Amino acid sequence: MRLAEAGSALAIALFLAGPAAAFCRTTTKAAPADFSPTPDAPCFTAGLPLYWKSACVGFTMQQAGSRQISFDGAVQALTAGFARWRGASCPAVAGASAVSVEVRYLGPVTCDKVEYNNDTRIGNANVIIFRDDDWPHDDPNNTLALTTVTYNPATGELYDADMEINTKEHKFTVSDPVPADGVDFGSAITHEAGHFLGLAHSVDEHATMFARYAPGATTMRNLASDDVAGICSAYGPDATRSTGSGVIEASACDPTPRHGFASACGVPVSSGCTAAPTDRAPGPWLLGVAAAAIAAARVRARRAAKP
Ligand SMILES: [Zn+2]
């Protein structure tokens, strides 16, 4: 019965989104470098879709914050970004229409690393880190921000998500108007919040999950119908999760990170495991890591074109 209900809800969501539903879920397999989405085949679908099982997920902010944005302003913007996904209105299932996942702020932490500790003695935090002084990634794509997720490759269940903001190379703002060559922090982090929740890029250029941000734009702050269809299909209003093995019940609200909350980084147990996890295959811990980023469209090209 529940399966049938969820199936019809998804069908309705797809119908409402129009024939060109373009949203995608991040999966347990990294898309190959030559994967090229098209309107007819917008998603890389190998592997299992990622999802948070709990009705509540916590996030934290690295205590140093950024010199570009006040700490409180950043927390407010991040909270608002996650709330946009939570606030999406889904086709009703048994009278409920709210997205069934909520992301809550758990306070500042000292850890400034993207990491997941598979150890109950250490604990974890889903941390947002500003990289004011160093962007520690190969960056051919002019990356604005990068969200790295850790999951169980056998199920797609998300265990950890960390977000890095490239404040070294880009100028972010939380106030209006956004300068023509600036980045709207609210737009960037609403996009990254989608990755945090397990969504991948959409080919719908109006979607918050579109891969490219145009400098000065603020439209990604607001979810498009394609984004709403995506979050509703992943976190159904009947408190279900659509997974690779069917629809399952969400677990009760508990924003505590897996293995417990930790403010400090864990002691490294293997070399360089967390530095550049893009496309890393599931390692000896049987955990996969996927990284998804928002890239700045044409920022450098525009600057270069100026006299
Ligand atoms: Zn992205």
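Reader: In the hairpin of β7 and β8, which residue takes a positive phi near 90°?
Author: This is a predicted model, in which local features need pLDDT of at least 70 and side-chain atom pairs count only at pLDDT 80 or more, while totals for chains, interfaces and linings use all residues. Residues are numbered from 1 along each chain as its sequence is written. Six residues lie between the two strands of the hairpin. The one with the positive phi is G156.

Reader: How many bridges join β7 to β8?
Author: Strands are DSSP runs of E, at least two residues long, and helices are runs of H or I, at least four long, numbered from the N terminus. Strands pair if DSSP finds at least two bridges between them. β7 covers residues 143-151, and β8 covers 158-165. They run antiparallel, and the number of bridges is seven.

Reader: How many residues of β7 are buried?
Author: A residue is buried if 20 or more other C-beta atoms, placed from the backbone, lie within 10 Å of its own; 12 or fewer makes it exposed, and in between it is partly exposed. β7 is mostly covered. Of its nine residues, the buried ones number nine.

Reader: At what angle do α2 and α3 pack?
Author: Axes are lines fitted to C-alpha atoms over the stretch in contact, and angles run from 0 to 180 degrees between N-to-C directions. The axes of α2 (residues 71-86) and α3 (residues 185-196) are 8 Å apart. The angle is about 50°.

Reader: What does that make α2 relative to α3?
Author: Under 35 degrees counts as roughly parallel, over 145 as roughly antiparallel, and 65 to 115 as roughly perpendicular; the rest is oblique. The pair packs at about 50°. That makes α2, relative to α3, oblique.

Reader: Which residues is I128 in contact with, leaving aside neighbours within four places in sequence?
Author: Contact is when two C-beta atoms, placed from the backbone, lie within 7 Å. I128 is among the residues with the most contacts inside the largest nonpolar core, which has 68 residues. Such a core is a set of buried Ala, Val, Leu, Ile, Met, Phe, Trp, Tyr and Cys residues joined through C-beta atoms within 7 Å. The partners of I128 are F59, M61, Q62, L78, M163 and I165.
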